[in-house]
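Subject: Structure for your review

Dear colleague,

Please find the structure below, handed over for your review. My findings follow it.

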Amino acid sequence: MNLTLRIWRQSGPDSAGRMTEYDVRDISPEMSFLEMLDTLNEELILRGEEPVAFDHDCREGICGACGMVINGEAHGPERTTTCQLHMRHFDDGDTIDIEPWRASAFPVVKDLVVDRTAFDRIIGSGGYITAPTGSAPEAHATPVPKPAADTAFEHAECIGCGACVAACPNGSAMLFTSAKVVHLNSLPQGAPERESRVLDMVGQMDDEGFGGCTNTGECATACPKGIPLFSITKMNREFVRAARKA
Amino acid sequence: MSTYSEYRTGEPVADTKAPDGPINERWDRRRFEAKLVNPANRRKHTVIVVGTGLAGGAAGATLAEQGYHVVQFCYQDSPRRAHSIAAQGGINAAKNYRNDGDSVHRLFYDTVKGGDFRARESNVHRLAQVSVEIIDQCVAQGVPFAREYGGLLDTRSFGGVQVSRTFYARGQTGQQLLLGAYQALSRQIAAGTVEMHPRTEMLDLIVVDGRARGIVARDLLTGRIDTYFADAVVLASGGYGNVFYLSTNAKNSNATAIWRAHRRGAYFANPCFTQIHPTCIPRSGDHQSKLTLMSESLRNDGRIWVPKAKGDTRPPAEIPEDERDYYLERIYPAFGNLVPRDIASRAAKNVCDEGRGVGPGGQGVYLDFADAIARMGRKAVEEKYGNLFDMYARITAEDPYTTPMRIYPAIHYTMGGLWVDYDLQTTVPGLFAIGEANFSDHGANRLGASALMQGLSDGYFVLPATINDYLARHPHDEVPDDHPAVIEAVTSVTDRLYRLLSNNGDRTPDSFHRELGELLWEECGMARTETGLRKALDRIPELREEFWRRIKVPGSGQDLNQSLEKANRIADYFELAELMCLDALHRSESCGGHFREESQTEGGEAERRDEEFSYAAAWEFTGTGEAPVLHKEQLDFEYVHPTQRSYA
């Protein structure tokens with residue numbers, strides 16, 4: 001099929017960007033969205049133009065590197081990562097708008113690449129269990145009830161792609177932060193740092209310039225890993241509990 | 001005609017660090033004999049760690065916890081994205097929680113045998129010992145392993161092993177283990193003990209007075225070339241499967257760090273030992289950019305077949321039962337669809353080569369769940385494999401519940417890597433290699449669920465114990481910025497980047513990478529022959545010359561330039577590919593993942609030749625396109641006696 005792409009081009013963090021139109025021809029419906037962009041980039045290189053920069057790595061939907069706003073939706077029309085979106089979801093003759101994640105806490109680096117290091121700092125502020133190597137007790141010393149283990153797993157699935165922030169009208173990172181808080185606070189191993197974890201991570205999240213949460217739920221709709229919206233409710237409960245104790 | 005293949009055999013190389021004595025006491029003895037660094041002095045030592053996967057992430061966090069100053073690098077935007085994250089199946093550990101006869105010795109035995117007797121016994125035994133501690137460590141970090149209703153950890157049997165020793169977190173074990181290591185690392189980054197450089201790629205190793213003292217790295221956002229100095233350098237940069245272009249590796253996984261180290265004196269061992277995974281989704285066309293693996297647990301219930309007739313293009317449902325060839329069940333009646341990875345892969349290639357392959361280009365075989373659904377019911381199949389079926393459906397738009405899956409083998413893991421001794425130190429003093437970047441533990445074939453085990457073993461437990469000895473014995477002065485070795489390393493990096501940028505040819509980096517990958521897959525893939533390898537050895541230097549003549553890299557070196565990154569990595573693949581082919585040519589036996597058609601039994605199985613090849617081949621670099629020098633490390637088997645594998 002033949003498509004018209006309108007892609008956000010921005011040469012650097014401080015330059016102005018704009019939508020630029022490209023035509024791509026003979027796109028196979030079997031291609032992934034990123035392979036379609038690869039095709040465009042191969043042509044651009046041969047024409048002596050700079051290819052479109054975008055983050056990607058595993059192309060299996062698990063590393064969380066890729067992500068772009070496609071026709072106004074984070075990761076596009078399917079509930080998956082951009083790398084797992086295939087061209088069969090588009091029609092011949094379509095015009096597709098492709099933009100980077102839009103959020104003030106994710107400044108654009110170049111074209112479709114944004115800076116998501118704020119996420120790393122949120123994790124560094126408390127998204128861990130302090131367990132220096134070698135200090136661990138025998139794994140079966142503390143049984144974890146299966147429901148708690150399942151809740152922890154469900155929230156641990158977050159891949160840190162940032163779609164939740166991009167989809168949120170406020171650019172909030174509540175779903176990302178709550179996923180880690182709920183993962184670790186659900187486990188007995190996470191209990192000793194339960195209060196400091198939620199207070200510090202929420203504090204860091206605010207410091208990074210993410211917006212507030214107004215319960216619109218776009219985050220959970222865009223999340224390719226299905227982190228549930230009630231994750232935020234649970235974090236709020238943890239936060240109130242910790243704040244009261246403090 | 002290239003003279004590259006006229007290699008010379010030099011002095012043998014030997015591991016001098018493993019203590020002798022009973023194998024189960026060696027690790028304790030080594031830890032006791034290794035010198036320690038006084039805790040108060042540790043912060044004065046800087047250690048560079050390149051890579052943040054299971055091995056690198058675990059090592060960086062642990063070294064920082066011990067008090068060292070760690071400077072760490074990854075090319076990704078975050079240390080959480082290293083490709084360990086994509087591992088699905090699980091992690092082995094000799095916990096014997098099932099009381100099913102498992103033990104450290106059995107895991108050791110299985111790994112040596114699975115590696116087809118091409119790994120060092122001391123290392124493998126240590127791996128099996130340490131495996132037990134890994135699970136404890138990960139549970140303490142909050143890794144959400146699968147659990148039973150009683151709250152204890154669940155395990156499963158994996159890859160044809162007869163005990164249930166594989167711990168898992170649904171199909172995302174790698175992700176959960178990596179996030180555990182990443183979180184531990186993040187704690188140290190926040191504490192200021194790890195200086196983390198994301199989006200920064202190591203482009204050369206700095207060797208001063210024979211010791212590894214730092215690296216040259218490029219900031220991928222600004223293009224800035226910087227030097228970083230340390231008392232020791234640890235490479236945890238992963239394997240080199242991407243040399244084949246199409247593999248299950250992440251798109252940007254690359255061999256540059258280990259190859260640059262090899263060029264600076266680190267021997268490269270067993271480069272031809274590559275692993276091919278039988279259950280990947282076949283390519284859908286020439287646009288294919290990477291391959292996706294599906295857990296081989298699918299083979300527990302799926303039946304593999306192709307049409308009996310060549311060129312049969314009927315849809316699978318229209319091919320009657322008696323016109324199907326369930327070839328694995330036919331050839332290997334005892335193991336059937338559960339034969340080891342290499343055997344399943346080669347059999348698939350053989351039937352496709354006969355013209356009986358299915359799907360686009362005839363490069364696929366069916367993996368059929370119709371019988372499993374009839375036997376267990378659709379619901380049970382859904383519970384067991386639902387996420388894999390969904391992934392398959394998303395990629396191919398076919399419903400595996402109603403039409404058989406199509407699968408084909410793909411490059412998945414590389415057992416070869418930098419040669420290291422028992423301390424995981426390379427032949428360059430002060431340079432260590434851990435995880436998939438080294439060659440140490442898997443011999444000629446890696447068992448399922450053992451990659452995660454080795455990465456974490458090296459990172460959490462082995463390297464942090466052994467590197468002390470090196471740091472304690474070698475107090476270092478500062479390296480001056482204008483040391484000739486530093487200037488030479490920086491100049492060679494900048495010259496090469498300039499050459500790539502200014503060449504302005506007419507071919508893209510990817511076009512070269514694809515061509516090299518196809519050549520390697522054809523001649524140095526699942527089955528190798530002397531003729532084919534010689535052909536590849538003639539062709540690779542021609543391609544390399546063409547690369548440097550015709551490569552086109554747009555843009556500048558002063559900002560994010562992904563084409564430049566690619567081209568620079570591909571340049572190294574051309575050299576590595578040549579060494580892989582030479583290694584495969586010189587090893588005229590078959591073993592593990594290395595199958596030489598000239599060396600097979602009457603039944604078509606891999607035939608090892610222990611009298612000639614019971615050694616690890618460690619290659620010394622002598623110059624681009626120049627014949628390397630072979631150093632053999634003799635492998636002796638005191639505890640596990642070599643036997644020929646048989647699955648008939």
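In this predicted model, chain B contains an open sheet of 5 strands, paired in parallel and ordered S7-S3-S2-S11-S19. Its edges are formed by strand S7 (194-197) and strand S19 (431-433) of chain B, each of which pairs on one side only. From one strand to the next, the twist averages 20°. Strand S3 (residues 69-73) of chain B runs parallel to S7(B), and 4 bridges join the two. Within S7(B), B:Glu195 stands opposite B:Val71.

Two helices that lie across strands of this sheet deserve mention. H3(B) lies across strand S2 (46-50), S3, S7 and strand S11 (232-235) of chain B, and runs at about 165° to S2(B). H12(B) lies across S2, S11 and S19 of chain B, at about 155° to S11(B).

As to chain B as a whole, 17 helices and 21 strands are found in it. Its radius of gyration is 24 Å, close to the 26 Å that the globule rule gives for 648 residues, so chain B is as compact as a globular protein of that length. Along the principal axes, the C-alpha atoms of chain B fill a box of roughly 75 × 60 × 50 Å. Of its 648 residues, 60% count as buried. Among contacts in chain B between residues at least 6 apart in sequence, 74% join residues at least 24 apart.

Turning to the interface, 61 residues of chain B are in contact with 66 residues of chain A. On the side of chain B that touches chain A, at least two residues each come from helix H3 (54-66), helix H5 (121-141), helix H6 (173-191), helix H12 (451-473) and helix H16 (562-586) of chain B. The most is given by H6(B), with 9 residues. By class, this side of chain B has 22 nonpolar, 24 polar and 15 charged residues.

In chain A, one helix pair may interest you. The axes of helix H6 (residues 194-207) and helix H8 (residues 230-245) of chain A come within 9 Å and cross at roughly 110°, which means that H6(A) is roughly perpendicular to H8(A). H6(A) contributes A:Glu195, A:Val198, A:Leu199 and A:Val202 to the contact, while H8(A) contributes A:Met235, A:Glu238, A:Phe239, A:Ala242, A:Ala243 and A:Lys245. The contact of H6(A) with H8(A) comprises 7 nonpolar and 3 charged residues, with no polar ones.

Yours sincerely

How values were computed
Residues numbered from 1 in each chain as written. Chains lettered and ligands numbered in written order. Predicted model: local features only at pLDDT ≥ 70, side-chain atom pairs only at ≥ 80, totals over all residues. Contact = placed C-beta atoms within 7 Å. Nonpolar A, V, L, I, M, F, W, Y, C, P; charged D, E, K, R; others polar. Axes fitted to C-alpha atoms, helices over the stretch in contact; angles between N-to-C directions. Parallel < 35°, antiparallel > 145°, perpendicular 65-115°, else oblique. Rg over C-alpha atoms; globule rule 2.2 N^0.38 Å. Buried ≥ 20, exposed ≤ 12 C-beta atoms within 10 Å, placed from the backbone. Pairing = 2+ DSSP bridges.
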